[in-house]
Amino acid sequence: MDFFETLQKRYSSRQYTARPVESEKIEKLLEAAQRAPAGMHHYQDYGLTVISDRKTLDTLCSEYQKVTDSVRDPLYKAPPLIVISEGPGARSDTFQYDAGCMLENMHLTAVSLGLGSVFIRGMFRSLESDSQAQKMLQVPADWKALCGLAAGYDTAMSHHPAFFSSTPVHSIN
């Protein structure tokens, strides 16, 4: 699959099968995140955590539902969740951009591996003061879980139409 075909096939997948994602594919997603640019080369200020344990994922979902008074599954039953965390040395003016670059690399890699993926932020925002959730995420006390990527096999992916929303482009000649 060439690069533009990968771009055309990428979309936010919100329906996953129970089929586990192979460890080799998870390793590729992690490598993609680690190859993303980081402001001033501060890679040591970011961490990646893979959560594949279904019980832990379900408990995180339950904590989210309790805190938000919602019945929605914020992870869409995805088999793994890859969490991006920032350390105390992360630059406040670049950490969101650095995490975005890591996420986009993982999104595109997921497509190339035949996986669907979706950006997860709301759950982290809702659970940032929930001590049980923070313990489950195993993020060190002085670190913060920023966001994550849920990924997995999406049965609709092969039938999903290539969607393209045009962003206005302005030229200065």
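Q: How many Å should the 18 residues of α4 span, and how far apart are its end C-alpha atoms?
A: This is a predicted model. Helix α4 has 18 residues, counted at 1.5 Å a residue.

Q: Which elements cover the buried residues of α4?
A: The buried residues of α4 include Phe95, Met102, Leu103, Met106 and Val111. Asp98 and His107 are also among them. Their cover includes α1 (3-9), α2, β1, β2, β3 (116-120) and β4.

Q: Which glycine just after α4 takes a positive phi?
A: Look just past the end of α4. The phi there is about 80°. The residue is glycine 114.

Q: Why are the buried residues of α2 on the same side?
A: The buried residues of α2 are Ile26, Leu29, Leu30, Ala32 and Ala33. In an α-helix, residues three or four places apart point the same way, because there are 3.6 residues a turn. Those of α2 share a side because they cover an arc of only 155°.

Q: Which exposed residues does the opposite face of α2 carry?
A: The buried side of α2 packs against β1 (46-51), β2 (81-86), α4 (95-112) and β4 (144-152). The face turned away from that side carries Glu24, Glu27 and Gln34.

Q: Is isoleucine 172 buried or exposed?
A: Isoleucine 172 lies in the segment after β4. Its C-alpha atom is separated by 43 Å from that of tryptophan 143. Exposed means over 50% relative accessible area. At 86% relative accessibility, isoleucine 172 therefore counts as exposed.

Terms used:
Residues are numbered from 1 along each chain as its sequence is written. This is a predicted model: local features need pLDDT of at least 70, side-chain atom pairs count only at pLDDT 80 or more; totals for chains, interfaces and linings use all residues. Side-chain values use heavy atoms; hydrogens and water are left out. Buried means under 20% relative accessible area, exposed over 50%, partly exposed in between (1.4 Å probe, protein chains only). Helices (H or I, at least four residues) and strands (E, at least two) are DSSP runs, numbered from the N terminus. The arc is that of the directions from the helix axis to the C-beta atoms. Contact means heavy atoms within 4.5 Å. The expected span of a helix is 1.5 Å times one less than its number of residues.
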